Structures are given as C-alpha cells and as structure tokens.
Amino acid sequence: MEAGGLEWLLVPMQQLVSWGAAGAMVFGGVVPYIPQYRDIRRTQNAEGFSTYVCLVLLVANILRILFWFGRRFESPLLWQSIIMIITMLLMLKLCTEVRVSNELNIKRRSFADFDLNYFWHWSKFTDYVQCVLTFTGVTGYITYLWLDSSLFVETLGFLAVFTEAMLGVPQLYRNYQNRSTEGMSVKMVLMWTSGDTFKTVYFILNQAPFQFSICGLLQVFVDIAILFQVYLYSSYPQKPVSHTAHPASTKAL
C-alpha cells in the first residue's frame with residue numbers, strides 16, 4: 001500500500017518537473033534579454049549592446065528550425081527557436097529606433113543598397129526584417145532540395161548550434177575594443193551563463209543530437225570569458241584602443 005501510494009505521488013511530481021524543465025527551455029533563453037531591453041529603453045542608449053548578437057541568434061534559430069524538418073528533436077527546442085526569433089526582432093527594433101534617434105545627421109542606409117560596408121547597419125527596422133526573410137527563403141529552399149541527404153541535414157544541425165555557440169563572441173569583441181563592459185547588462189550575461197549551463201545539461205540528459213551538447217559547452221566557455229572581462233575591466237580600468245570608427249557604427253548597433 002505504501003509503495004502504491006508513493007508511486008501515485010511520484011508520477012505527477014515527475015510530470016510537473018518535466019513540464020517545468022520544458023517551460024524553462026522554451027522561455028529561459030529570452031529572459032536574459034529583459035534587463036538589457038529595459039536598460040536600453042530607460043537610457044535611450046544602445047551603445048553597450050552589439051546587435052550582432054541578434055544576428056547570430058536569428059541565423060542560429062532559423063537554421064535550427066530547418067534542421068527540425070530533417071531530423072525531429074524535442075518540441076520545446078523548436079518552440080524555443082520560434083520565441084527567440086521574435087525576441088531578437090523586438091531587440092533589433094528597439095536598438096534601431098534608439099540609434100537613429102541619436103544620429104539624425106547620419107545618411108540613411110537600407111538593405112536594398114546591397115552595400116556590404118553597411119551590412120547590419122541599416123536605418124530602418126524593416127530592412128532587418130527583409131534581410132531575415134531573404135535568408136530564411138534562400139536557406140529554406142536549399143534545405144528543401146537537400147532534405148533527403150543525411151550529410152546535409154547533420155551539417156545543417158551542426159551549423160545551427162555552432163552559430164548559437166558563437167552568440168557571445170560579438171559582445172566579447174565589443175568589450176575588448178572598448179576596454180570596458182559599460183552599457184552591457186551584467187545580469188544578462190549571468191543569465192546567459194546559468195541558462196546555457198542548464199541547457200547543456202538538458203541536452204545531455206535528454207540525449208539530444210550530439211551537436212547540441214558539444215556547442216552548449218562551448219557557449220558556456222564564452223559566457224565565462226565575458227564574465228572575466230567584467231572582473232578585469234572593473235578591477236583594472238584600461239584606456240580604449242584607438243581605432244577608426246565606422247561611419248554607421250559610432251553607436252553600438
């Protein structure tokens with residue numbers, strides 16, 4: 001009787017834990033960007049945040065969704081990608097509006113100019129949307145043509161998670177250039193680290209495709225490197241490295 005009663009209690013508890021873990025996977029990835037979004041909105045200054053982070057996550061999650069059509073993985077990971085894409089578009093919209101309002105005299109640039117010197121430095125949010133839709137259309141068509149190739153599908157999966165693993169690199173490089181982490185939300189990076197650690201453990205325990213686990217570990221390493229920058233530049237302030245400013249990137253894009 002006791003064993004039966006205990007089993008009756010454990011089954012729903014295990015189900016709740018499973019639902020909780022799935023919910024954390026779906027929504028946990030976007031939580032780190034809430035403090036950064038609020039800081040940019042409050043200060044009307046996006047200088048400390050690199051929108052190349054948005055580019056990396058948009059590319060990674062679009063590729064991950066396409067990978068799902070070739071090799072089905074758990075639904076929470078699929079929904080995580082969809083919600084992350086929406087979140088990055090919202091971040092881009094805010095950063096673009098703030099940057100343009102602070103740079104009234106800068107010549108307007110658009111995606112239709114096809115000028116690589118100003119790639120991802122456009123003046124309107126709609127240009128970023130056009131770029132994302134173009135990338136999605138091209139990669140989606142290529143995936144459709146090669147979906148029967150296991151080599152292509154596995155390569156697509158690796159590119160998706162490896163690109164996401166490089167998420168922190170644009171921020172790492174910007175901090176190095178500025179010799180400072182001012183304007184970057186430390187809360188965001190701490191949430192990156194805890195979230196990526198949880199995510200990597202989740203991949204391993206749920207036997208996700210091996211690409212996910214390997215690149216998850218790499219992502220945690222990059223997060224730790226950024227946290228080290230926070231300690232280094234706050235404890236030992238350094239002068240910024242002098243470098244020629246890009247005409248469209250005098251503010252962080």
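Leu-232 is found in helix H9 of this predicted model. With a relative accessibility of 24%, Leu-232 counts as partly exposed, because that value falls between the 20% limit for buried residues and the 50% limit for exposed ones. Along the chain, Leu-232 and Thr-181 are 51 residues apart, and their C-alpha atoms are separated by 9.6 Å. The protein chain as a whole contains 9 helices and 0 strands.

**Overall architecture**

- Followed along the sequence, the protein chain shows the pattern α-α-α-α-α-α-α-α-α.
- The protein chain has 253 residues, and buried residues make up 43% of them.
- Among contacts in the protein chain with a separation of 6 or more, 80% are accounted for by residues 24 or more positions apart.

**The largest nonpolar core**

- The largest nonpolar core holds 57 residues.
- Within this core, the residues that touch the most other members are Tyr-33, Ile-40, Phe-49, Met-88, Trp-120, Trp-192 and Phe-212.
- Two or more residues of this core come from each of helix H1 (2-28), helix H2 (33-43), helix H3 (52-70), helix H4 (75-102), helix H5 (125-146), helix H6 (150-165), helix H8 (186-205) and helix H9 (210-235).
- Helix H3 provides the largest share of this core, namely 13 residues.
- Which residues does Met-88 touch, not counting those up to four places away in sequence? They are Tyr-33, Cys-54, Leu-57 and Leu-58.
- Tyr-33, which Met-88 touches, is itself listed among the core residues that touch the most other members.

- Thr-96 has its place in helix H4.
- Is Thr-96 buried or exposed? Its relative accessibility is 3%, so Thr-96 counts as buried, the limit for that class being under 20%.
- When neighbours within four places in sequence are left aside, Thr-96 is in contact with Trp-122, Ser-123, Lys-124, Phe-125 and Tyr-128.

**Salt bridges**

- The whole structure contains 4 salt bridges, according to a search of the model.
- Side chains of opposite charge can pair when their charged atoms come close.
- One of the salt bridges joins the side chains of Asp-39 and Arg-42, with an N to O distance of 3.4 Å.
- Asp-39 and Arg-42 are separated by about one helical turn, because they stand 3 residues apart in helix H2.
- Asp-39 is partly exposed, with a relative accessible area of 27%, whereas Arg-42 counts as exposed at 61% relative accessibility.
- Another salt bridge brings together the side chains of Glu-164 and Arg-64, at 2.6 Å from N to O.
- This pair links distant parts of the chain, since Glu-164 lies in helix H6 and Arg-64 in helix H3, 100 residues apart.
- Both partners of this pair count as buried: Glu-164 has a relative accessibility of 6%, and Arg-64 has one of 1%.
- A further salt bridge is formed by the side chains of Arg-71 and Glu-154, with 3.1 Å from N to O.
- This pair also links distant parts of the chain, with Arg-71 in the loop between H3 and H4 and Glu-154 in helix H6, 83 residues apart.
- Arg-71 is partly exposed, with a relative accessible area of 32%, and Glu-154 is likewise partly exposed, with a relative accessible area of 27%.

**The second largest pocket**

- The volume of the second largest pocket is about 270 Å³.
- How many residues line the second largest pocket? The lining consists of 21 residues.
- Of these lining residues, Gly-28, Gly-29, Gln-80, Gly-195 and Asp-196 lie nearest the centre of the pocket.
- Helices H1, H3, H4 and H8 each supply at least two residues of this lining.
- The largest share of the lining, 7 residues, comes from H8.
- By residue type, the lining of the second largest pocket divides into 11 nonpolar, 7 polar and 3 charged residues.

Note on methods. Residues numbered from 1 in each chain as written. Predicted model: local features only at pLDDT ≥ 70, side-chain atom pairs only at ≥ 80, totals over all residues. Heavy atoms only, no water. Core = buried A, V, L, I, M, F, W, Y, C linked by side-chain atoms within 4.5 Å. Buried < 20%, exposed > 50% of the residue type's maximum accessible area, 1.4 Å probe, protein only. Helix = DSSP H or I, 4+ residues; strand = E, 2+ residues; numbered from the N terminus. Contact = heavy atoms within 4.5 Å. 1 Å grid on protein atoms, 1.4 Å probe; cavity = no way out; pocket = protein on both sides within 12 Å on 5 of 7 lines; lining within 4 Å. Points joined across faces, edges and corners; volume = space filled by probe spheres on them. Nonpolar A, V, L, I, M, F, W, Y, C, P; charged D, E, K, R; others polar.
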